[in-house]
Amino acid sequence: MDYKKAIQQIVQNRKDKLNQAQLLYLELLRTNAKLYETEKAIRNIKMDIRRGKSNSENELASLEVQKRNILKQSGVTDEMLNPPYSCVKCKDTGLVNDKPCSCVISKCVSDGMVGANTFSDSNELVFPVSERERITSVYSSAKTFCDKFPNTKRLNLLLMGRCGSGKSFLASCIANEISTKGFSVIMLSAFSFVHRMLKYHTTFDSDKFTYIDPLLDCDLLIIDDLGSENVLKNVTVEYLFHVINERMNANKHTVFTTNLDDEMICARYGERTYSRLFGSRQSIGFALSNTDLRKQ
Ligand SMILES: [Zn+2]
């Protein structure tokens, strides 16, 4: 989905919510005579006040209280009549200072990876006793990264570990924590990443930027399971470097989960990507569990 389409959806969604609220209120007026009379009286007084005919502000205030009580008795909450914004940052316009809001950027790439995991769901008891202390400290470093975001000590995190070591779980905790803070977060598998880059590489109309822009623009990009993707000629290595490089130049954060170690990363993606990642102390790697936690 491109930004334009995402913005249209967000704006339409807001319109739908407001229409629903309006319909609900009209229905209440139609079926509740007491509410209807009160609403009518409120409108009349307001009109008189506007025309300078009346200054019965006190009466208006007491009618408003009466109206609220009638609604309360009917089980209608304020939220039902005045639906809150889905995104307070852009007030559901999709734009902040004429630029796509974080909610738009996140919406553009959603392959359902983030899930609902949070740090409070993590349980140190799932780790073997011998690893517990170390893994707890990894979680606490990841939590600090989130708390300080975007002013973190390092730009990039590498969560390393074998399959089932809980690295994707931790990555999705990070994704949720940071997106709750109002930042745009995109989490996608390395496989999806390569798939998008291939589309970008082979599309020749102006639409092509749809595939790459959100990955460059989002506040936090998470690439899950680096190393599990296909290495496509002129695509995988080249665009991984491009995205990392652009993001680092823009001071943007990236988190990787991988079962590769340093040497394997260097061998697979080349010296250039390796030194961009690790050359400037901008990245830190954390080793997750050595055990497949799913098999316990
Ligand atoms: Zn927004």
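Predicted model: local features only at pLDDT ≥ 70, side-chain atom pairs only at ≥ 80, totals over all residues.
Residues are numbered from 1 along each chain as its sequence is written.

Overall layout. I found 11 helices and 7 strands in the chain, taken as DSSP runs numbered from the N terminus (helices H or I, at least four residues; strands E, at least two). The radius of gyration, over C-alpha atoms, is 26 Å, well over the 19 Å of the globule rule (2.2 Å times the number of residues to the power 0.38), so the chain is more spread out than a compact globule. The C-alpha atoms fill a box of roughly 80 × 55 × 30 Å along the principal axes.

Domains. An automatic or database assignment sets the bounds: domain 1 is 3–81 and domain 2 is 109–295. I read 47 Å between their C-alpha centres.

Sheet. I traced an open sheet of 5 strands with parallel pairing, in the order E4-E5-E6-E3-E7; strands pair if DSSP finds at least two bridges between them. Strand E4 (185–189) and strand E7 (283–287) are the edges, each pairing on one side only. I then checked strand E5 (residues 220–226) against strand E6 (residues 253–258) and found 5 bridges in the parallel sense. Leu 226 has Thr 258 in E6 as its bridge partner.
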